[in-house]
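Here are some notes to read alongside the structure.

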Amino acid sequence: MTGRARARSRGRGRGQEPAAPGAQPSVQQEAAKPVMPTPPEGQLVGRGRQKPAPGAMSEEAMLQISAGFQQVKIGERGGRRRDFHDSGVHTRQLMEHVKESKTGVSGTAIELRANFMRLLSRPLWALYQYHVDYKPPMESRRLRSALLFQHEETLGKAHTFDGAILFLPNKLHNTETVLCSETRNGEKVEITVTLTNELPPSSPVCLQFYNILFRRILRILNMQQIGRHYYNPDDPFNIPQHRLTIWPGFVTTILQYESSIMLCTDVSHKVLRSETVLDFMYSLRQQCGDQRFPEACTKELVGLIILTKYNNKTYRIDDIAWDHTPNNTFKKGDTEISFKNYFKTQYGLDITDGNQVLLVSHVKRLGPSGRPPPGPAMLVPEFCYLTGLTDKMRADFNIMKDLASHTRLSPEQRETRINRLISNINRNADVQNELTTWGLSFENRLLSMNGRVLPSERIIQGGRAYEYNPWTADWTKEMRGLPLISCMSLDNWLMFYTRRNADVAQSLLQTLNKVSGPMGIRMQRAIMIEYEDRQESLLRALQQNVARETQMVVVILPTNRKDKYDCVKKYLCVDCPTPSQCVVSRTISKPQALMTVATKIALQMNCKMGGELWSVEIPLRQLMIVGIDCYHDTAAGKRSIGALVASLNQGMSRWFSKCVLQNRGQEIIDALKGSLQAALKAYLKYNNCLPSRIIVFRDGVGDGMLQSVVDYEVPQIMQSIKTMGQDYEPKLSVVVVKKRISSRFFARIDGKIANPPPGTVIDTEVTRPEWYDFFIVSQAVRFGCVAPTHYNVVFDSSGLKPDHMQRLTYKLCHMYYNWQGIVRVPAPCQYAHKLAFLVGQSIHKEPNMNLDDFLYYL
Amino acid sequence: MCLMRTHSRADLTKTLAMTTPFSPPLYMQRYQFVIDYVKTYRPKKVIDFGCAECCLLKKLKFHRNGIQLLVGVDINSVVLLKRMHTLAPLISDYLQPSDGPLTIELYQGSVTEREPCTRGFDLVTCVELIEHLELVEVASFSEVVFGYMSPGAVIVSTPNAEFNPLLPGLRGFRNYDHKFEWTRAEFQTWAHKVCRDYGYSVHFTGVGEAVGHWREVGFCTQIAVFQRNFHDTMSNAERLEPSVYRLMYRVVYPSLSDNNIYQRTLVNEVLYEAQHLRQEWLSRMNMDSSNNAHFCAPPLMDVFQHGLEGGTRDCQPVYQQGGTICVPLARVWSSPRVRALCGSVQRLREELQVDSRVRMSADGTVLILPAAADDEDDEEVEEEENVKAVSGVANNVEEDWDRELGCYGNV
């Protein structure tokens with residue numbers, strides 16, 4: 001595997017990076033879901049019917065939450081608010097076989113601690129929701145409010161009212177209360193207050209309320225909100241070389257988990273920069289000269305997120321107004337005012353450089369009260385701070401190392417940080433005061449719970465089976481010298497190199513020859529072709545030499561510049577479908593590492609051509625596993641890319657793949673429906689029958705998108721299967737895979753706080769009652785904290801026991817051929833990710849269908 | 001932010017135009033009056049009574065002009081709680097700490113109560129406040145503000161009743177909560193009495209003038225600016241904890257007057273500069289070695305802009321010594337940002353010598369940085385880890401989940 005490939009296969013796509021502090025998700029997600037309470041189903045109602053608690057909520061305390069309730073309304077009205085926690089998606093109740101229990105049994109028990117704290121509420125806690133009606137109707141919200149609260153003695157001091165809906169901590173005597181008020185003009189108004197809902201502690205609105213309350217607690221602890229999370233500005237660390245400032249902080253959510261309402265909190269970091277856009281422009285101009293400046297400036301700046309100096313808002317730079325300076329004017333009210341004067345009078349800010357050009361941001365957010373966006377915002381570079389990391393920084397090993405040294409926390413450090421937050425909460429008097437007003441408190445320690453460690457798998461390779469070290473979850477050593485399952489012989493292949501790299505090319509060739517023998521790969525000498533170190537000449541060399549019979553093309557790239565790599569992949573994946581392998585010369589320049597690298601390259605070349613490496617036992621027959629992932633290109637105008645891979649054989653060693661480019665306004669699954677049918681046809685061709693079970697692992701589902709997967713994608717998948725024949729009814733399971741989650745687990749190994757071992761399954765306590773879900777820690781990490789992967793089975797007609805579902809998932813994590821070890825997600829997801837990434841980053845077109853049956857995208 | 005928005009602003013102005021014919025709106029003019037005053041007299045400690053939605057405080061936070069302590073007092077705690085977070089420091093206040101300190105405090109309390117911690121202020125503002133008090137309370141207000149607190153200056157604004165006939169559609173007072181609205185004569189009578197009783201002098205002005213012959217009714221809002229006649233004895237007194245008022249909110253802005261923040265900011269700036277000089281030097285060395293055609297002798301300093309003004313010592317070159325790159329302190333000192341932070345090279349040296357993030361030569365003239373970037377290929381370490389049994393390996397018994405489900409051979 002090349003350095004590039006390693007970085008990519010394990011990294012994330014550029015587009016998927018968390019953009020910047022406060023950046024709004026740019027895509028408007030699915031239509032709004034009413035977040036307003038309908039009484040929650042089943043088990044929850046019981047508590048809600050309890051007697052009201054006499055609770056004294058002060059007016060002050062109540063006021064804190066009203067902002068949140070207004071948000072509820074916004075969610076109802078315009079659909080601007082997203083439910084990031086996917087609450088309200090009740091999938092488990094539709095699956096008969098997991099209604100009773102969704103826990104597995106395999107493996108040995110392990111004691112764990114999780115980054116969760118229970119929320120303890122005063123017994124009989126509830127919120128009461130009232131509808132308020134005016135006769136004659138009153139327009140003004142302020143007047144409605146004033147009229148209603150003439151009756152404070154009836155309603156009580158604690159209340160929140162948004163003009164129509166009233167929340168009270170206590171139940172009024174009657175379900176319907178009629179009050180009479182008088183306006184200042186002496187007009188009599190009849191107000192009817194009707195109880196519409198009794199909200200139990202676990203109702204969505206109450207959960208929302210807890211979250212608002214907790215955000216307030218973080219504010220009391222002097223944390224700054226950036227985006228959805230809170231950071232501590234008093235304890236920053238700096239990387240002065242690039243003027244980076246990193247704030248430590250927390251991601252928090254309070255939700256109803258399996259048996260109790262808990263706070264889940266994880267450490268998070270925010271990268272800020274104490275450099276303004278103007279500073280950046282100055283140094284860029286110095287670097288590239290006046291002539292090239294406009295072009296370079298546009299290239300570097302457009303797409304970046306900036307933070308304004310005079311408020312905490314963030315904007316994305318969409319354009320640069322080269323003909324605007326701060327001396328230009330804009331219309332404020334009825335008068336024209338220059339930017340310069342505006343900032344002076346409004347914020348007392350002086351513009352030092354009157355000739356700086358302005359930045360343009362197309363504001364997508366709606367104007368006040370749902371009005372259309374107010375048009376582009378013009379921003380003064382001097383008052384804009386850059387945020388986040390640029391690609392250049394990301395490629396800089398030293399910056400990333402510095403960053404990692406501060407942000408990559410060992411399990412012990414992470415636990416300490418979270419514990420410190422807990423003790424801060426419990427020690428701070430203001431926080432405690434706030435909580436007691438509401439009759440709430442947090443358990444003062446992390447949740448202790450049990451998980452299970454699944455037995456490690458036996459790796460089967462060429463009639464032999466071996467075991468691996470369960471702690472490292474890696475079998476690089478074990479597979480050495482063993483023949484692979486199936487090998488493609490290399491009879492006709494090419495190696496391209498530049499003059500400078502002639503020597504490394506030769507030694508790579510020799511080493512490949514040496515390592516391929518024991519694997520069982522027959523290798524003829526490659527045809528060596530020298531190319532000039534320019535993109536055009538590389539392309540020409542490819543065009544002239546790659547023929548129909550060419551089995552494999554190896555290109556040695558002098559640097560890890562992206563353009564040449566893209567050029568090779570574009571030509572060989574679209575125009576002239578041929579498996580190819582790029583290697584950066586630096587990777588193979590060290591003689592002592594060459595054996596290892598060549599081994600990896602040989603393995604990769606073999607799978608790209610259709611060879612198979614290893615397998616694990618899959619105790620289900622006629623099974624097709626499908627993996628789906630997408631890639632979102634953040635650069636303007638680029639489309640999202642969806643990739644689908646599907647297994648073709650019992651051993652999960654052959655995969656069919658399709659990659660589609662999404663059209664505007666189209667759901668990714670619409671484009672992938674055809675791909676699924678093609679996959680089924682390919683399965684039929686290989687096996688002479690259609691699969692009797694299909695399990696879809698769907699990755700790349702964002703926060704708050706679960707509902708649309710359940711409501712839209714699953715039916716689409718079923719419909720697509722149906723097209724294979726009316727009486728074809730395979731069993732279908734759809735599993736949503738989520739890597740980016742804030743749940744963390746800690747084990748105690750040899751008296752020390754450590755990561756849970758690979759194969760740890762968690763399916764109690766921290767799962768969600770309304771889902772059939774579980775966590776698996778499948779990979780091993782050498783540094784930092786291991787991130788568990790969350791699996792949510794949203795549809796399952798297979799009848800498979802939860803235990804088998806968990807184990808099958810874990811088995812599939814062993815099957816990614818670009819890594820001789822266990823990966824974080826099932827192989828089909830990792831393959832789909834790789835494919836979508838390749839197309840999104842390099843090819844930008846649908847790959848040639850002749851490659852569909854190969855792992856060419858590895 | 002300056003959105004090119006037309007809707008909301010226009011609407012707002014329209015509604016305002018119906019009630020008050022002033023542009024900018026009168027409340028803005030009142031705030032601007034205070035801001036202009038602060039700009040001219042530069043008070044250090046300012047208290048705003050009846051701060052309500054904290055609009056004036058928020059404006060003064062931006063137009064600081066040397067204010068170090070900004071206090072808001074209102075009787076309504078709910079409105080304070082609702083708005084107090086708008087006074088919190090912005091992210092940029094942390095990214096670029098200001099030079100002077102600033103503390104903002106909000107209290108719930110009444111202007112008729114004596115609160116020790118409100119004494120010793122330079123300026124007290126009561127914008128549209130007194131007309132909300134009962135007339136009896138006005139007396140105790142005068143006693144508390146002028147007699148007890150005795151600040152350096154007081155700005156009091158209140159409606160001018162004589163102007164009311166010009167306001168279209170107005171019957172009675174301008175606001176239902178107003179207990180009185182004074183004519184100019186009434187206001188001035190009160191003000192002069194205050195001056196006599198407590199040793200202040202006053203001058204009258206206002207904002208919002210009518211046009212033409214209506215001018216003689218005076219300003220729409222009348223303003224009295226009081227100056228204390230005697231020297232103050234309390235301004236340097238220790239700040240006390242509130243004993244009558246209730247503290248609702250307190251925030252200390254990050255500033256360079258905080259030693260830790262100062263040290264951190266300075267060191268960041270120095271390291272930024274030093275690293276850039278190092279990088280520049282390294283890339284020049286690289287270029288020289290790859291363009292062997294003409295080997296440059298140790299890079300003569302190309303003219304360095306800031307360097308010239310400091311004299312001869314500024315042209316000291318960056319050089320390599322063993323595994324380190326040495327950057328002369330004088331070169332770092334030539335950065336305007338560093339200069340702005342630190343008055344003299346001497347001070348700079350002292351600050352850097354005590355900081356653990358900076359390595360300096362023994363005589364404190366040279367910063368020492370590592371020459372080579374750490375090599376990135378330290379990851380391929382072959383390591384033998386001792387195997388610990390976590391869990392058994394799956395037993396060799398062949399499993400068949402289909403059969404277990406009893407549905408094998410379905411299709």
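1. A salt bridge here is a side-chain nitrogen of Lys or Arg within 4 Å of a carboxyl oxygen of Asp or Glu. Please keep in mind that this is a predicted model. By this rule, 43 salt bridges are counted over all chains.

2. Asp773(A) and Lys102(A) form one such salt bridge, with their closest N and O atoms 2.7 Å apart. The two residues come from distant parts of the chain, 671 residues apart: Asp773(A) is in strand β37 (residues 772-777) of chain A, and Lys102(A) is in the loop between α3 (59-77) and β1 (108-114) of chain A. Is this pair buried or exposed? Asp773(A) counts as buried because its relative accessibility is 0%, and Lys102(A) counts as buried at 2%.

3. In chain B, the side chains of Glu105(B) and Arg250(B) meet in a salt bridge of 2.8 Å, N to O. This pair also links distant parts of its chain, with Glu105(B) in strand β3 (residues 103-108) of chain B and Arg250(B) in strand β8 (residues 246-252) of chain B, 145 residues apart. Glu105(B) is buried, with a relative accessible area of 2%, whereas Arg250(B) is partly exposed at 49%.

4. Glu532(A) forms a salt bridge with Arg534(A), where the closest N and O atoms are 3.5 Å apart. Arg534(A) is partly exposed, its relative accessible area being 37%.

5. What does a buried Glu131(B) have around it, given that it has no salt bridge? The nearest side chain of opposite charge is Arg30(B), 7.2 Å away. The side chain of Glu131(B) does make a polar contact with the side chain of Thr158(B), at 2.8 Å. Leaving out residues up to four places away in sequence, Glu131(B) touches several residues, including Ser157(B), Pro159(B), His178(B) and Phe180(B). Glu131(B) itself lies in the loop between β4 (123-127) and α6 (135-149) of chain B.

6. Helix α12 (residues 345-353) of chain B has Leu348(B), Arg349(B), Glu351(B) and Leu352(B) buried. Seen down the axis of α12(B), the buried residues fall within an arc of 165°, so they line one face of the helix. An α-helix has 3.6 residues a turn, so residues three or four places apart point the same way.

7. For chain A as a whole, there are 20 helices and 38 strands. Of its 858 residues, 60% count as buried. Among contacts in chain A between residues at least 6 apart in sequence, 73% join residues at least 24 apart. Chain A exposes about 34700 Å², and carbon and sulfur atoms supply 48% of that area.

8. Some backbone details deserve a look. Lys135(A) and Pro136(A) are joined by a cis peptide bond, with omega about -5°. Pro136(A) is placed in the loop between β3 (127-135) and α4 (141-148) of chain A.

9. Met652(A) is not a glycine, yet has a positive phi of about 60°. Met652(A) lies in the loop between β30 (641-647) and β31 (655-661) of chain A and counts as buried at 0% relative accessibility. Arg42(B), also not a glycine, has a positive phi of about 45°. Arg42(B) is in the loop between α2 (26-41) and β1 (45-49) of chain B, and counts as partly exposed at 48% relative accessibility.

Key
Residues are numbered from 1 along each chain as its sequence is written. Chains are lettered from A and ligands numbered from 1 in the order in which they are written. This is a predicted model: local features need pLDDT of at least 70, side-chain atom pairs count only at pLDDT 80 or more; totals for chains, interfaces and linings use all residues. Side-chain values use heavy atoms; hydrogens and water are left out. Helices (H or I, at least four residues) and strands (E, at least two) are DSSP runs, numbered from the N terminus. Buried means under 20% relative accessible area, exposed over 50%, partly exposed in between (1.4 Å probe, protein chains only). The arc is that of the directions from the helix axis to the C-beta atoms. Lys and Arg count as positive and Asp and Glu as negative; His and the chain ends are not counted. A polar contact is a pair of N or O atoms within 3.5 Å; within protein, one must be able to donate a hydrogen and the other to accept it, and residues adjacent in sequence count only if both atoms are side-chain atoms. Contact means heavy atoms within 4.5 Å. Accessible areas come from the Shrake-Rupley method with a 1.4 Å probe; for residues, only the protein chains shown count as cover.
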